Amino acid sequence: MEPIIPSTRALKVKTYICLALMMTLGSVGNTILDKGMKSLGSIDFSTRAAIWQGILHTFTSGTIWLGIGCMLLFMVCHMLVLSWADYSFVMPFSALTYALVPLLGYIWLGEYVPPARRAGIVLIVVGVFLVSRTPPRTTPATRDNSAS
Amino acid sequence: MRTALILSFVVLTGTCGEIGLTHAMKQIGEVHEFTPAAIFGVLLRSLRQVWLWIAVSLMALSFYAFLTMLSWYPVSFVVPATSLAYVAGAFGAKFLLKERLSAIRWAGVVFICLGVALAWADQVPALPHLREAYGFFRLFIFAAALVPLAFYLFSAWTSLQFFRGAQPSADTQDFTPPVSILKPLRGLDRGAYENFASFCRQEYPRYEILFAVSDENDPAVPVVRRLTRDFPHIAIRLIVDPERKGANDKVGKLCRLAEEAKNPLLVITDSDVRVAPDYLRKVAGLFRDPRVGAVTALYRALEAPSFGAVLDTMGSLSFSGSALAARTLEGLKFTMGSTTATTRERLAEIGGFAPLLDVHSDDYEVGRRIAQKGFRVELLADPVDMEFPSESVRDYLRHELRWLIGLRHIRPGGHFGLLMTQGIAWAALAAILASSMVASAAWITAYLFIRLFSGYLIGVRGLGDPVVRRKLWLLPLHDCFWFFLWLASFAVNRIEWRGLVFTLEGGRMVAVASRPQGA
């Protein structure tokens, strides 16, 4: 069995930098998208024309594009971090956006955050903390960077 | 329906997309440079991966469905609901990407899902029938909270039955096949000499005692030598075998002892056990019935030298209650370290001790395997005495947790079933949900009364344990610790045993240092 790449300090540092960028871009992007979609109103699925109309509206809104821009940058960070870290390690971290999204929703959109949701956020943070106690990578390298 | 459809669509396409993306990026390999040019290069190279395109298409589909959902529902509903992707993702990572999900990582994922479910909860009051659902839930909890109380009463009743009817009849007393007593040793317990000497004072025609240590300098060696001097008429042998055969050192010694033993009946006891002079005769007598494959014994404390030992005694009392109840319900399916007696043939049928070399709960496992072969495991009428070590509360918690983790690996169903024996937790939950203070107090009182009553019948009347007699009132404290240990045993997979760290994989101990950590 091929030995694991040791979770060096460098590996951890770059993992956490990418994750931090992902979380920021992800939660900001989500909130912007929500604001954009709300301003468009509900999509009508009754006829094909109405659906296309909905899609067209979606993609001509500036706010939506700003949100999509954030999500694209998010995607780049996501791809980079997945080139070395476990998916099951990265995925739980994006749950931290769940803590940030209600917070931004509360600050920016004025959405109410009830006590149950606050408790949920605490559980999410505990869960993410548990995952952060595990090594970021548990699979062996398949191919070297320069090889392909 | 519309919600469920779009939700499963978002989750499934999203998860499959992410798994595909991870696969594609792992093909490209770890990125080391972070200049814009290097990152651009990586992105370009990733475009040549077929999996990336599949992943991106799936994710785009998922993303558009997600946008649609956002236009239907508020973001604080949509985001938590789509978090089902975490469970799906964890399974995908395990089975498709072959990632190694440790118990801690699983626990993290479960916590996140619970957190998300809780964040969800404020959507529920909008549903009709909520009041009825809550009423039903409360009734369900009350009914469930009665189960542990019934269990306490049942185990007390089985204890009365057992201790009343267990004295063997005279004819079984004459069944005396030659016995080999096997004692794997490491270090010295309190009262070691007296413990060992009690085995030399057996009123039994033919038996030998075999001790094993792995080191000539073990402090147990002089004690055994003194024993051979003091009891010259007893066949006592000391085997020094430094070879380490597996992760479980005790089983390694048992393998050797079983080879050396000359007699057909093998009696294995932990080094801290002290027995009465008629012990062997009673153990052997039970084997007169050929359906009996193994014999084990309950145990009681001689004294409790520390608070940790008192809690340990309460733990044994609790365990004895469960063992007695299990014996009545389905027959015993395990043996205990206090006594594991079996015949050479039965041992051969389960392949000897060698298959247990890496098993954590070896004493438990011997009985379980013999019971699986269709033989009965019998319980000795008298409990043996146990010299509990002067342990700290920390030591006690640690070894109890170790035992629970071991149980979870051998009998996951039984381990989960302990839920229904957690009287204190259920009573507390029922008290919280009760409609009045009086009802709450009634739940707590019922728990305390029934638990202590049952503890008295089993521990004082049945086992005759002097520590239980004096400290019975600490039983609820033990229950409290025990509940949290049980919860913890779901999340922890790492045990410390005699200075070495192991993880358990299917009941087998794998030393952490030597564990291959690849895929």
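Tutor: Begin with the terms: strands (E, at least two residues) are DSSP runs numbered from the N terminus, and two strands pair if DSSP finds at least two bridges between them. This is a predicted model, in which local features need pLDDT of at least 70, side-chain atom pairs count only at pLDDT 80 or more, and totals for chains, interfaces and linings use all residues. Residues are numbered from 1 along each chain as its sequence is written, while chains are lettered from A and ligands numbered from 1 in the order in which they are written.

Student: In what order do the three strands of the open sheet in chain B lie?

Tutor: Strands of a sheet pair through backbone hydrogen bonds, either parallel or antiparallel. In chain B the order is β5-β10-β7, with mixed pairing. The edge strands, each pairing on one side only, are β5 (273-274) and β7 (299-301). β5(B) runs antiparallel to β10 (residues 384-386) over two bridges, and B:Val273 has B:Met386 as its bridge partner.

Student: And what is the order of the seven strands?

Tutor: That open sheet of chain B reads β3-β2-β1-β4-β8-β6-β9, also with mixed pairing. β4(B) pairs with β1(B) in the parallel sense over four bridges, and with β8 (residues 340-343) in the antiparallel sense over four bridges. B:Val179 stands opposite B:Leu265, and B:Leu266 opposite B:Thr342.

Student: Are the residues of β4 in chain B buried or exposed?

Tutor: A residue is buried if 20 or more other C-beta atoms lie within 10 Å of its own, exposed if 12 or fewer, and partly exposed in between, with C-beta atoms placed from the backbone. B:Leu265 and B:Val267 point one way, B:Leu266 and B:Ile268 the other, and all are buried.
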